[in-house]
Amino acid sequence: MRVFGIESSCDETAAAVVEDGRLVRSDVVASQHEVHARYGGVVPELASRAHILNVVPVVQAALERASVTLDDIDGIAVTNAPGLVGALLVGLQTAKSLAWVTGKPLVGVHHLEGHLTAIYLEPDPPPMPHLALIVSGGHTSLVRVNDHGAVIELGATRDDAAGEAFDKGAKLLGLGYPGGAVIDKLAATGDPHAVAFPKSMTAGEHGADFSFSGLKTALLHHVRAHRVPDGQPLADLCASYQAAIVEVLVRKTRRAARKHGLEHVQVCGGVAANQGLRAALRAAGAEDGFRVYIPPPARCTD
Ligand code: KG4
Ligand code: ZN
């Protein structure tokens with residue numbers, strides 16, 4: 001079965017042709033990073049307008065690269081929620097139009113379900129049931145995945161998402177948008193112990209819930225007191241900030257895996273591309289005896 005997929009939930013317009021749920025025949029992504037960079041974050045109206053400009057060329061490129069036409073497609077899938085409403089609408093209307101003119105079935109896909117399924121494009125995906133840490137720009141949650149479409153939430157952020165903490169931190173440090181990848185790169189050469197940042201809600205009574213807004217405020221106070229450094233001290237600050245996010249995510253994941261007796265853990269969403277998080281979770285898995293599954297960085301983001 002050949003499925004044509006469209007995704008436009010935030011700041012990337014994407015289309016792909018996937019065969020039998022496993023083989024990616026084409027995967028085209030038009031990024032809008034340049035559109036939003038100067039604002040230090042995604043501007044929803046600009047995102048919608050850029051999607052309108054990008055969607056038809058992206059759809060055409062995805063079909064061409066897969067060497068197929070719409071006649072060769074068995075069904076159309078599209079991200080339908082959650083995301084920026086105006087941005088989602090562009091992909092949805094495009095998908096609906098294609099389904100209407102071709103008479104092919106249309107399936108709406110939950111954004112987080114999309115993140116959870118990316119790992120199934122890999123040769124050795126996790127068995128069911130497993131634990132999943134979903135970490136993106138808009139969401140941070142720990143879920144028990146009993147089967148495809150049968151997901152139970154164990155905990156979620158009460159305020160900012162982990163990706164939001166990266167993006168807002170990067171904005172504060174003048175590092176541009178999107179901030180996660182920039183902090184990740186700088187953190188690689190920094191000292192994670194240079195600055196002590198709070199690790200919120202790690203006490204047992206908070207269960208699998210998260211909070212990242214205090215960390216952002218702590219960075220603001222640090223920068224007000226010491227200004228934004230450059231060179232090695234900037235790398236140290238990024239490494240310390242990233243380490244606080246990573247430590248909270250890893251501690252909560254370990255505890256949930258233990259509590260629910262789950263030996264397979266997947267990590268997905270944009271923040272799963274973070275090198276520090278990938279390494280720390282793999283180390284935790286080796287110590288505690290759970291197996292860690294993370295898509296390659298390009299398949300962590302939307
Ligand atoms: O899943 P995604 O592409 O979009 C949403 O659903 O939000 O995730 C985007 C988020 C952004 O906050 C971005 O800064 C973060 O993922 N991100 C990273 C890295 N790459 C992307 N965060 C940390 N380290 C990275 N390497
Ligand atoms: Zn996402």
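A polar contact is a pair of N or O atoms within 3.5 Å; within protein, one must be able to donate a hydrogen and the other to accept it, and residues adjacent in sequence count only if both atoms are side-chain atoms. This is a predicted model, in which local features need pLDDT of at least 70 and side-chain atom pairs count only at pLDDT 80 or more, while totals for chains, interfaces and linings use all residues. Residues are numbered from 1 along each chain as its sequence is written, ligands are numbered from 1 in the order in which they are written, and side-chain values use heavy atoms, with hydrogens and water left out.

**Ligand 1**

| Residue | Atom of the residue | Atom of ligand 1 | Distance |
|---|---|---|---|
| Gly-137 | polar backbone atom | oxygen | 2.8 Å |
| Gly-138 | polar backbone atom | oxygen | 3.4 Å |
| Asp-167 | polar side-chain atom | oxygen | 2.6 Å |

On its own, ligand 1 has 550 Å² of accessible area, of which the protein covers 89% (Shrake-Rupley method, 1.4 Å probe). Helix 4, helix 5 (162-172) and helix 6 (179-187) are the elements that give two or more residues to the shell around ligand 1; helices here are DSSP runs of H or I with at least four residues, and strands are E runs of at least two. There are 17 residues around ligand 1, and those that come nearest are His-115, Gly-137, Asp-167, Asp-184 and Asp-302 (a heavy atom within 4 Å). By class, this shell has four nonpolar, ten polar and three charged residues, with Gly counted among the polar ones.

**The zinc ion**

His-111 and His-115, each through NE2, and Asp-302, through OD, coordinate the zinc ion (ligand 2) at 2.0 to 2.1 Å; donors are N, O and S atoms within 2.8 Å of the metal (3.2 Å for Na, K and Ca), and the site may look incomplete because water is not among the atoms. His-111 lies in helix 4 (residues 111-117) and Asp-302 in the segment after strand 10 (291-293), so the pair links distant parts of the chain, 191 residues apart. His-111 counts as buried at 12% relative accessibility, whereas Asp-302 is partly exposed at 30% (buried is under 20%, exposed over 50%, partly exposed in between; 1.4 Å probe, protein chains only).

**Cysteines**

How many disulfides does the structure hold? It holds zero, a disulfide being a pair of cysteine sulfur atoms within 2.5 Å. The sulfur of Cys-10 is 16 Å from the closest cysteine sulfur, in Cys-300, too far for a bond.
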